[in-house]
Amino acid sequence: MRSKKSWIMALALTSVLALSACGNNGGNNTAANEGNTGASSAPTETSGAEVSGSILASGSTALQPLVEQVAEKFMEKNAGVDIQVQGGGSGTGLTQVAEKQVDIGNSDVFAEEKLKDADAEKAKALVDHQVAVVAIAAVSHPAAGVDTLTKQQLVDIFTGKITNWKEVGGADQKIQIINRPASSGTRATFEKFALGTKTEDLPGSIQEDSSGTVKKMIGETPGAIGYLALSYLDDSVKTLNYDGVEPSVDNVVSGKYPVWAYEHMYTNGEPNATVKAFLDYFLTDEVQNGDVTELGYIPANKMQVSRDVAGTVTNK
Amino acid sequence: MRVQNNETMRVQSSKSRIEKHHIEDLVGRSYMSFCVLLLIVSIVSMVYFVTSRGISTFAIDKVSISDFFFGTTWSPEGDHPSFGALPFIAGSFITTLLAALIASPLSICAALFMTEIVPGWGKKLLQPVIELLSGIPSVVYGFVGLSVIVPFLRNVFPGQGIGVAAGALVLSVMILPTITSVAVDALSTLPRNLKESSFALGATRWQTIARVIIPTTLPAIMTGVVLGMARAFGEALAVQMVIGNAPFIPTSLFESASTLTSVITLGMGNTTMGSPHNNALWSMALVLMLMTFLFVFVVRMLEKRRSI
């Protein structure tokens, strides 16, 4: 019995040791990776246009399909480049790029909005590359009977002051809020620019993890209201005008429709040659007018207005 | 294996005193030890990792333990952040218990059917069906729940169909195979003489099942129920799709609610490592893990009582 116990103790001890060793290994690996990318990109500076090396990107699942598609095309053009795109969410992307685990961190929000307080220092090291714009529209179940909502009406609905569609001129139907989780980038954008205030989750409200499920729920649930990126809109849901402005690409570009946000690709410090070539390719007209538009985003370089972290909009 | 054999041969030729079976013994033993070590290392490191992150909510972010376990306001990103996890803990327990209540009678009846009523074709037919049920991915359960159960509940009951009832229904189907297969095992290991003496005394089949078979196998059947509850408690995706995820203790079965797993999957990807929100999610993961330990402990206790 005694020897058995000491055996187990020994195992536990070894495992703790192995654990700390793992931690060290992790650090070594990243260092080695950086060395690799540095080494592989160094010759390219001398040779000129051709770039090679590997790029690892992670983060926003909303941005992932676009980055993947552009990465495919970029790899076709540059045989020596290998790009891996992972999801995980904006928070994951920002954490990993801040800790140099990945080369690019994709995010739906400004890094300063996620990396706050103790992590604020980390956000300073990150360099922002705004590659596209995503606009978000309020949508309702088709039978709600409302075409347009004012900002105040939306605030009252999402804070629970208005609970029936007839109070805003629609059918006599209870309003069912279908939200995204509090940490979602889409929700942050909608709250910041459509409502102008953060909202608490209300009892009885529904939260869904993905925009696809939100669309399905809004289309099926009588009296439902929610919000979706423009690329998700179709006839199964009713798109609501905001203060009378239609959420169309033209209105977003001209700055008339305010509920939009940048899609960011963050690098830690200035990018190396390979990453820079990829990000530059992202901003070419070929990609911006091709893939970006095709997947329902709005080209960043088309925007006639720009916006900073604090939300101040300026004309370009 | 071949490499090992070659090595063995070489060693054998150089040192004739060491027999082949000694080497085999050594190789076998060191391989086993390595496997056990690997298992223990991974378990210990998981426990260590989850615990160290989980307690940082209380150690670093200074959230009081009673606020976390008994607070009902969950607003991690608000202007005045608040980390009350009671709605999620309550949601997990309510859905798990409901699922076990729905699934247990069904599973026990199915097991009795397969072992006592129609052991022949009943088992041949039901066994593959139940094994198939356990092989279906949880996202499929969730999607079926969202497309079939939720609209059904919406049409029949008040509310939007989404909520604890939908979550419990989906979970009950998911844990059916676990409870059934454990119950089948328990029933088929029951000594025949118990049953035969009952019949010899003139008891009917129903009396035998109700008075002899079920009481004797109850601890084993309960093991199955607890294992099923453990599965239900840890299931994330399917529940998250149908439960609605509002961070409140529901007042009705048809009102949107949350579980520990659903709030973790909703928030984990969108929060940054080390932020108070993220730490609070890790604390919930810790609660989940401790609950799993508790379930395992209960199963062990039940097994001790299992003496026929």
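## Chain B: overall form

The radius of gyration here is taken over C-alpha atoms, and the rule for a globule is 2.2 Å times the number of residues to the power 0.38. By that rule, a compact globule of 308 residues would come out near 19 Å, but chain B has 25 Å. Chain B has 13 helices and 2 strands; both are DSSP runs numbered from the N terminus, helices being H or I with at least four residues and strands being E with at least two.

A quick word on the ground rules. This is a predicted model, where local features need pLDDT of at least 70 and side-chain atom pairs count only at pLDDT 80 or more, while totals for chains, interfaces and linings use all residues. Residues are numbered from 1 along each chain as its sequence is written, chains are lettered from A and ligands numbered from 1 in the order in which they are written, and side-chain values use heavy atoms, with hydrogens and water left out.

## The two domains of chain B

Chain B splits into domain 1 (2-53) and domain 2 (86-307), with bounds that come from an automatic or database domain assignment. The C-alpha centres of these two domains of chain B lie 39 Å apart. Their contact (heavy atoms within 4.5 Å) takes 5 residues from domain 1 of chain B and 8 residues from domain 2 of chain B.

Together, domain 1 and domain 2 of chain B bury about 630 Å², 75% of it on carbon and sulfur atoms. Buried area is the accessible area (1.4 Å probe) that two parts lose on being put together, summed over both. On the domain 1 side, V47(B), V50(B) and R53(B) supply 80% of the area buried against domain 2 of chain B, more than any other three residues.

What about charged pairs? Between domain 1 and domain 2 of chain B there are 0 salt bridges, a salt bridge being a side-chain nitrogen of Lys or Arg within 4 Å of a carboxyl oxygen of Asp or Glu. The side of domain 1 of chain B that touches domain 2 of chain B has 3 nonpolar residues, 1 polar and 1 charged. For these classes, Ala, Val, Leu, Ile, Met, Phe, Trp, Tyr, Cys and Pro count as nonpolar, Asp, Glu, Lys and Arg as charged, and the others, Gly among them, as polar.

## Where chain A meets chain B

Now for the two chains: 38 residues of chain A are in contact with 35 residues of chain B. They bury about 3000 Å² between them, and carbon and sulfur atoms give 59% of that.

The count between chain A and chain B is 1 salt bridge. It joins the side chains of R154(B) and E220(A), at 4.0 Å from N to O.

On the chain A side, the elements giving two or more residues are α1 (2-47), α3 (90-98), β8 (206-207) and α8 (211-220). The largest share, 6 residues, comes from α1(A). By class, the side of chain A that touches chain B divides into 13 nonpolar, 16 polar and 9 charged residues.

## Inside chain A

Chain A has its own pair of domains: domain 1 (48-133 + 259-315) and domain 2 (134-254). Their centres, taken over C-alpha atoms, are separated by 27 Å, and the contact takes 21 residues from domain 1 of chain A and 16 residues from domain 2 of chain A. The area buried between these domains of chain A is about 1600 Å², with 62% from carbon and sulfur atoms.

Across this interface of chain A there is 1 salt bridge. K192(A) forms a salt bridge with E113(A), their closest N and O atoms being 3.7 Å apart.

## Salt bridges overall

Over all chains, the count comes to 15 salt bridges. One of them pairs K238(A) with D147(A), whose closest N and O atoms are 2.9 Å apart. K238(A) lies in strand β10 (residues 238-239) of chain A and D147(A) in the loop between β5 and β6 (148-149) of chain A, so this pair ties together parts that are 91 residues apart in sequence.
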